[in-house]
Amino acid sequence: MYAASQGIAIAKVLVYSKGDLTVKEKFIENVEVEQQRFENAVFKAQREIEEIKEDTENKMGKESADIFGAHLLVLNDPELIKAVKDKINDSKVSAEFALKSTVDNFVAIFETMEDEYMKERAADIKDVSNRVLGHLLGVSNQNLSNLSEKVIIVADDLAPSDTASMDKEKVSGFITNVGGSTSHTAIMARNLEIPAIVGAVDITDKVKNGDVLILDAVGCKVVVNPSQDQIEEYKLKQKQFIEEKRKLNKYIDQQSKTKDGLVVELAANIGSPQDMEHVLANGAEGIGLYRTEFLYMDRDVSPTEDEQYESYKEVLEKMGDKPVVIRTLDIGGDKEIPYLNMPKEMNPFLGYRALRICLDNISMFKTQLRALLRASKFGNLKVMYPMVSSLEEIKEANDILEEVRCQLKAEGIEYRDFEVGIMIEIPAAAINSDALAKEVDFFSIGTNDLIQYTVAVDRMNEKISHLYSPFNPAVLKLINMTIANGHKNKIWTGMCGEAAGDLKMIPFLLGAGLDEFSMSPSAILPARELISKLTTKEAKEIKEKVLSMKTAKEIEEYLGNVISNI
């Protein structure tokens, strides 16, 4: 269960269910008729999405509306249209079955990915295809835009179009069985500032229409049919939350500094230019991680140099003089791209991925580097290589970068010099960070993989998930070592993994000397407030205490107590 958008709501339940979109295999005789039915359904869906996009932009702004721009791209993908029509023709099946079987194959690729951001893109593809399917089956959904009283929506899942059509005045909150922190539904909940919990597994089985619900998306709790005393208790908590949130607004666009004046940088992680509105609204001091792989997903060929250039340019322009760290392509592992014909491997996370692919597919790498160099003149760009394990890889990548620089210079194309750094996400890189630091301008610690590789735990394996902890003493020692080696070599060190936005981790990281903390945009203001209440002396003492401890449990409990007493 995950609090997608913080807040507390108390209201009656409205269980939202979609129409029955069950599809069975059905054979047909007239191929042309079925193909025409499919085209008509696509046309109707397209018109609906265009209307939702326009309405969303008026109500919620461009960032939320851009989600539907992406939906239109999916709907108009010529390869998808062709694949469905070919399926109708080749297998002599109905348009409904051809659509569902084609989309299911595509969705399966995304859903098996470990990266949460990529995994959640499957929801967008489902949303679009279900709209088309609804037209083919003559099924329509409940209307969430015209409600008679305040409610908390309870659903198995909510598509972005469901969320966009909600009447904000009447929807007090929502809770779903499925979903993750990076789903578009979660992003839109945060934009609407509606309390929301996703991934509640079986909530639809536990409530019915008319039940009263307390949705606590601060403590991540749900109370069904509470007593009057509980209602009064949570009304008070609701009032306190609103007041605390109002107070946090004073940290927007303020410098992030400790009580005794040490300045650090609080940056944001993004996956596309569409995420920028939330970044700016929370006063991020930079982009600490721009995941460029999203540009390569959900398509049949690699993005062109111009397509990439436009995306990088847009983010750089929106950030002005603030730093923007763009990570070069990080695919492989759980992120497959069919058109690259990547080999199946026994251990993909220890195999052909990230920088290793780029150094093998130099043409593709050069295209990205050209786009980055061209975009560099529009802002404060920094480029970062992922999955580095050796000095040789850095030198090879830098040689290719230099070759591309020379090409642009010969062509008379302007660019601006930028810092080049690496992600520290492999224990070998952390241990050898003293040597690696001499070849780069900065480090950014990727804790998600660093934890996985250090403790040898597959994050997807539930049986051993208790061993995957950012508080593991070995992980913290590697982080401390990396920061120390960065500073010894006079380069700055940031962190773009999930731990950077964890309030319990911040005092330790501050004490270790971390220069830049990159996190989800909504985590910035609470982090800035916490940092403002600490002194560097206190943070260093906390770090020393943590490094003397022997277990993850002991460390997590200690840091939890530290936070409670600040």
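**Close-up 1. Helix 6 gives the most residues, four, to the lining of the largest cavity.** This is a predicted model, in which local features need pLDDT of at least 70 and side-chain atom pairs count only at pLDDT 80 or more, while totals for chains, interfaces and linings use all residues. Residues are numbered from 1 along each chain as its sequence is written, and side-chain values use heavy atoms, with hydrogens and water left out. The largest cavity holds about 80 Å³ of space, and a search of the whole structure finds two cavities of 30 Å³ or more. A cavity here is a set of points on a 1 Å grid over the protein atoms alone where a 1.4 Å probe fits but cannot get out, and lining residues have an atom within 4 Å of a point. Look for Phe38, Val42, Val74, Leu75, Leu80, Ile81, Leu99, Val103, Ile125, Val128, Ser129 and Val132 in the lining. Two or more of the lining residues come from each of helix 1 (31-60), helix 2 (62-75), helix 3 (78-91), helix 4 (95-111) and helix 6 (121-137). Helices are DSSP runs (H or I, at least four residues), numbered from the N terminus. By class, the lining has 11 nonpolar residues, one polar and no charged. Ala, Val, Leu, Ile, Met, Phe, Trp, Tyr, Cys and Pro count as nonpolar, Asp, Glu, Lys and Arg as charged, and the others, Gly among them, as polar.

**Close-up 2. Helix 14 passes helix 15 in a right-handed crossing.** Helix 14 (residues 362-375) packs against helix 15 (residues 391-410) at an angle of about 60 degrees, and their axes are 9 Å apart. The axes are lines fitted to C-alpha atoms over the stretch in contact, and angles run from 0 to 180 degrees between N-to-C directions. The two helices are therefore oblique to each other; angles under 35 degrees count as roughly parallel, over 145 as roughly antiparallel, 65 to 115 as roughly perpendicular and the rest as oblique. On the helix 14 side you can find Ile362, Phe365, Lys366, Leu369, Arg370, Leu373 and Arg374, which meet residues of helix 15 including Ala397, Ile400 and Leu401. The residues of this contact divide into nine nonpolar, one polar and five charged.

**Close-up 3. Helix 18 and helix 19 make a right-handed crossing.** Helix 18 (residues 447-455) and helix 19 pack at an angle of about 125 degrees, with axes 10 Å apart. That makes helix 18 oblique to helix 19. Thr447, Leu450, Ile451, Thr454 and Val455 of helix 18 touch Ala474, Val475, Leu478 and Ile479 of helix 19, where contact means heavy atoms within 4.5 Å. Seven of these residues are nonpolar, two are polar and none is charged.

**Close-up 4. Helix 19 and helix 22 make a left-handed crossing.** Helix 19 (residues 473-488) meets helix 22 (residues 536-547) at an angle of about 135 degrees, with axes 10 Å apart. Leu476, Lys477 and Asn480 of helix 19 make the contact with Lys543, Val546 and Leu547 of helix 22. A crossing is left-handed if the near helix is turned anticlockwise from the far one by less than a right angle, and right-handed if clockwise.

Methods. 1 Å grid on protein atoms, 1.4 Å probe; cavity = no way out; pocket = protein on both sides within 12 Å on 5 of 7 lines; lining within 4 Å. Points joined across faces, edges and corners; volume = space filled by probe spheres on them.
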